Each structure stands twice: as C-alpha cells, then as structure tokens.
Amino acid sequence: MDKQQLPQRPFAQKYHVKGIGGALVFLALLWGSSVMTGVNWGEFFTNLDQFFDLLSRMAHPAWEYTNIVIQPILETIQMALIGTTIGTVIAIPFSILAARNLIKNSVVRGVIRFILNLVRTLPDLLLAALFVAVVGIGATAGVWTLAVFSFGMISKLFYETIETIDERPLEALRAAGANNTQVVIFAVVPQVLNSFVSYFLYTFEINVRASTVLGYLGAGGIGVYLQRSLSSFRYDQTAVIVLAILVVVIVIDAVSNNLRERLQ
Amino acid sequence: MSDESVLIEFDNVQKVYPNGTVGLKDINLKIHEGEFVAVVGLSGAGKSTLLRTINRMHDITGGDLKIDGASITGYKGKELRNLRRSVGMIFQDFNLVNRSSVRRNVLSGRVGYYSTWKSSLGLFSAEDKQRAVDALKRVNMLEKLYTRVDELSGGQQQRVAIARALMQEPKIMLADEPIASLDPLTTTAVMDDLLGLNQELGITVLANLHSVSLAMKYADRIIGLRGGQLVYDKPIAEVSADDFDGIYSEQAEIKGGAVNG
C-alpha cells in the first residue's frame with residue numbers, strides 16, 4: 001500500500017489537544033480554588049490528636065442506650081418511606097411533561113423543567129428549616145422536606161429514563177388510534193416501570209441517610225438524638241446511634257440491591 | 001374496476017418535509033377495495049411516506065387524499081383517531097412493547113375503541129379478550145399468549161404484530177417492509193398471513209416490499225416509486241420481471257431525493 005493514500009490525521013487529534021488541554025484547565029482550577037479558599041492543610045494535621053481523642057471516647061459505646069434509639073430509628077425509616085412516596089407520586093406527571101419525546105411543545109417542557117431545576121436548587125437543610133418554621137418541630141416537617149427533596153431528584157431521574165425508551169411501540173399505538181394517555185399507559189409505562197421502582201428504592205435509601213441529618217433542625221427521627229448526645233458530649237451514646245444508622249443503611253442497601261437485581 | 005369500489009384515492013398528492021426534502025410528488029392513485037398492492041422502489045423512494053399518508057402518521061402538503069370518498073386531510077382529534085383505528089399497520093421492526101406479554105400487546109391494538117380510563121385500568125370486555133385469542137389463533141401464535149414478547153423470535157413477533165393490527169378490525173392493512181428483518185422461512189409465514197387476511201377477511205393490503213419476486217408472488221397489483229413519484233402501476237397479469245430495471249436503476253438512486261424509504 002502506498003503510504004500517501006492514508007488520510008492525514010488532524011493536528012488536534014495527533015497531539016491529543018483536547019485531552020491535555022482539559023487536564024490543564026482542571027489542574028489550574030484546582031490550584032486556583034485552594035489558593036482562594038485558603039485551605040490550610042497544616043492546621044488539619046496539627047489538630048489530628050483532637051480527632052483521635054473523639055474516636056477513643058466513641059470506642060466505648062453505651063450499649064444500654066440501644067433500647068432508646070430503636071424507636072427514633074423506626075421513625076426515621078417511616079419518615080423516609082412516606083416522604084419518598086409523596087415525592088414520587090407528584091414526580092410522575094411532572095416527569096412525563098418534561099420528557100422531550102412525549103411533549104413536543106418546548107414551552108410547556110421549558111416551564112416544567114424550570115420548576116424542577118428550582119426545586120432541586122433548594123438544599124434539603126434549607127427545606128427542613130423552612131418546614132420546621134411552617135409546621136413546627138417534629139416528624140411532619142421531616143416528611144415534607146423529604147417529599148420535596150425526593151420530588152426534585154426523582155422527576156429528573158424519571159424524565160431522563162423516559163427519554164431513553166424505544167419509541168417504535170409509541171408509533172404503533174398512535175397508528176392504532178390510541179390517544180396520548182393510552183400511548184403512555186400501554187407503550188411508555190411497561191418500558192420504564194422497572195427503572196422507576198429501582199430509582200424509588202435508591203431515593204428511599206438516600207432519604208434514610210438524609211433524614212438523620214434533618215433531625216438536627218428539629219425535623220424528627222434519629223437526628224434529634226444524634227444532636228442531643230453530641231451537645232451533651234455523650235460520645236458513647238453517639239457511637240451507638242452511628243452504629244444503629246450504619247446497620248439500617250446496610251440492611252436497606254442490601255434489600256434494595258437485591259430487589260433491583262431481580263427487576264432486571 | 002368500477003369507481004364505486006375505490007377505497008383510497010390519492011389526488012395529486014404532494015409531500016415536502018420541513019427541511020425541503022421532497023417525499024412525494026404528484027401522486028395520483030386509486031386503490032380498490034380488497035386489493036393486495038405491493039409498493040416497490042429503492043430506499044428513499046417514498047414508499048414509507050406513501051403508506052404513512054394513509055393513516056396520517058405523515059401529513060401531506062398538497063393535493064387531497066380520500067378514503068371511502070371522504071377527504072381525510074382535515075381530520076383532527078377523535079376523527080383522526082377513528083381513521084387510524086380503521087387502518088392497521090405493521091412495521092419492519094415489529095414495534096411491539098418487549099417487556100409486555102403477547103396478550104397485552106395484542107389487546108393494545110383495541111384501545112382505539114375504549115375510553116381513556118377503561119383502557120388504562122385494563123378493563124377489556126370478554127368479547128375483546130376472545131377477539132385477542134382468535135387473532136392469535138389466526139396467526140398460529142395462541143400458545144404464546146402469556147409469553148413476554150422479548151422471548152419470541154423475529155418471525156413470531158411480526159405475527160403478534162399482525163394479530164395486534166387485526167384487533168382494530170381494519171379495512172386497510174399497511175405493511176411497511178414487513179419482512180425486511182426476517183429470514184426466508186419466516187418470511188413465507190408472515191406473507192401467507194397477510195395474504196390470508198386479504199383473501200379471507202377482505203382487508204385491503206398495501207405492502208412495501210424490497211423483493212420484486214415476493215411482490216409478484218403475493219400481490220394483485222404492483223406500483224413502483226422513484227424519487228417520490230409514481231413510475232409504475234400494473235395489475236399482476238401484465239407485470240414482467242424486466243419492468244423493474246427502470247425502478248431499480250443506478251440513475252434512479254441519484255435522482256431520488258426522498259427520505260424515510
């Protein structure tokens with residue numbers, strides 16, 4: 001073969017301009033960020049003994065505290081379950097309206113997506129503070145916080161799933177005289193149902209973890225006890241709470257992994 | 001044939017896509033009730049476009065299209081859905097819902113006859129459940145009633161798709177490259193099914209086919225498209241194999257400007 005017949009590789013491709021350039025930009029950003037925020041690594045290491053002091057005090061958990069912890073842990077799980085469910089139910093119509101392949105009208109889609117972006121922008125801690133102020137201290141505030149938080153997250157996951165479906169069955173249903181709702185029920189739902197259940201479980205898992213922190217702001221659940229033990233320097237009790245949360249997270253993770261695998 | 005039996009009438013139909021591509025140009029065509037028409041032509045000649053104008057999956061941009069003497073170009077909403085309900089369609093890639101059972105796929109062909117809430121809750125009448133069984137029996141797929149579609153072979157899926165279209169009790173069956181994804185053996189089974197519902201149920205069939213020999217074996221009439229224009233139209237008795245050099249010539253490919261086969 002004549003060597004000259006091969007097409008020339010462009011300069012950018014030959015010297016990996018994009019890859020090298022991207023890496024350099026990232027390194028520059030990293031350096032700039034650490035300079036501007038003034039992160040002092042030395043300070044962290046000189047105070048390391050404080051950290052170990054805390055750990056050693058937590059190394060002797062107050063096991064008798066376990067009985068007291070069970071009830072709020074259950075409440076945390078219940079809050080997460082109710083919150084995730086409410087969020088999901090509201091997210092379903094929104095995700096359908098936000099999906100590019102179902103809603104051709106870009107104005108409707110744009111408005112819906114703007115609302116979703118807005119909801120996702122609100123941090124869960126801010127939401128918790130807001131709901132505690134509105135409905136008062138307790139699990140209700142936690143449930144509403146988790147509902148809004150799940151709604152924002154789930155609707156994005158859902159509409160992105162809807163946008164990846166096979167659109168050919170939709171064409172067949174339309175050609176058979178189905179209206180839009182019937183197309184969604186018969187051609188979209190069967191294709192996305194498994195992913196939806198999977199995302200629901202994933203969000204539930206995240207919410208269990210998140211709700212431990214929410215208790216800090218008075219939104220109910222185990223977080224209240226976590227805050228109480230820390231502020232009274234009872235690190236032996238803190239250890240029990242952390243271990244209890246760990247057990248719950250591991251169990252939920254195992255169950256939801258198992259369920260999600262079966263859905264494949 | 002007399003004009004009374006004209007079922008579909010293309011009157012100077014034009015189709016230009018929004019990007020300027022010409023899909024169909026000056027189509028004048030009468031399809032009679034009970035005919036089995038094969039549409040041949042190269043990819044991009046406008047065969048799919050022609051079929052999809054009949055159930056308004058594509059809108060025409062000029063001329064008029066009549067079914068049973070009534071112009072369908074202005075149909076909207078319920079009227080349009082009723083038109084589509086009376087026209088069955090099968091596709092090259094079957095277009096079934098892979099994760100659903102054969103039964104649910106077949107029943108979904110009937111939703112045009114149901115209100116939104118009744119069909120959404122799956123409240124199909126006993127009569128329609130029986131209709132699904134009969135439709136599957138006709139295409140020899142009854143034993144797969146509760147099987148998930150993704151467990152079926154291509155040929156089996158296409159026959160389920162035919163059963164789904166039969167649920168509409170269509171007057172017209174559009175078949176868009178129905179055998180392009182199938183092997184020769186299942187091709188025969190699917191084409192025989194189409195011929196069966198043409199001859200036994202009196203359904204008018206329009207089928208896009210790549211293979212001229214299959215068109216000659218099954219159709220009553222062959223029409224040819226090239227570059228969106230009707231270039232050939234003969235009853236099967238007058239067709240000879242040499243006729244198709246014009247439709248499939250190299251030159252035609254250069255001229256053809258249509259998209260969507």
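**Figure 1. Contact between chain B and chain A in the predicted model.** In this predicted model, 22 residues of chain B are in contact with 17 residues of chain A. On the chain B side, the elements that contribute two or more residues are H2 and helix H4 (116-120). Helix H2 of chain B gives the most to this side, namely four residues.

**Figure 2. Residue classes on the side of chain B that touches chain A.** Sorted by class, the side of chain B that touches chain A has 11 polar residues, six nonpolar residues and five charged residues.

**Figure 3. Domain division of chain B.** Domain 1 of chain B is made of two segments, 1-86 and 171-261. Domain 2 of chain B spans 94-169. The C-alpha centres of these domains of chain B are 25 Å apart.

**Figure 4. Contact between domain 1 and domain 2 of chain B.** Here 13 residues of domain 1 of chain B are in contact with 11 residues of domain 2 of chain B. Helix H2 (77-85) and helix H7 (184-199) of chain B are the elements that give two or more residues to the domain 1 side. Helix H7 of chain B gives the most to that side, with five residues. By class, the domain 1 side has six nonpolar, four charged and three polar residues.

**Figure 5. Helix H2 of chain B.** Helix H2 of chain B covers residues 77-85 and is among the elements that give two or more residues to the side of domain 1 that touches domain 2. Helix H2 of chain B also gives four residues to the side of chain B that touches chain A.

Methods: Residues numbered from 1 in each chain as written. Chains lettered and ligands numbered in written order. Predicted model: local features only at pLDDT ≥ 70, side-chain atom pairs only at ≥ 80, totals over all residues. Domains from an automatic or database assignment. Contact = placed C-beta atoms within 7 Å. Nonpolar A, V, L, I, M, F, W, Y, C, P; charged D, E, K, R; others polar.
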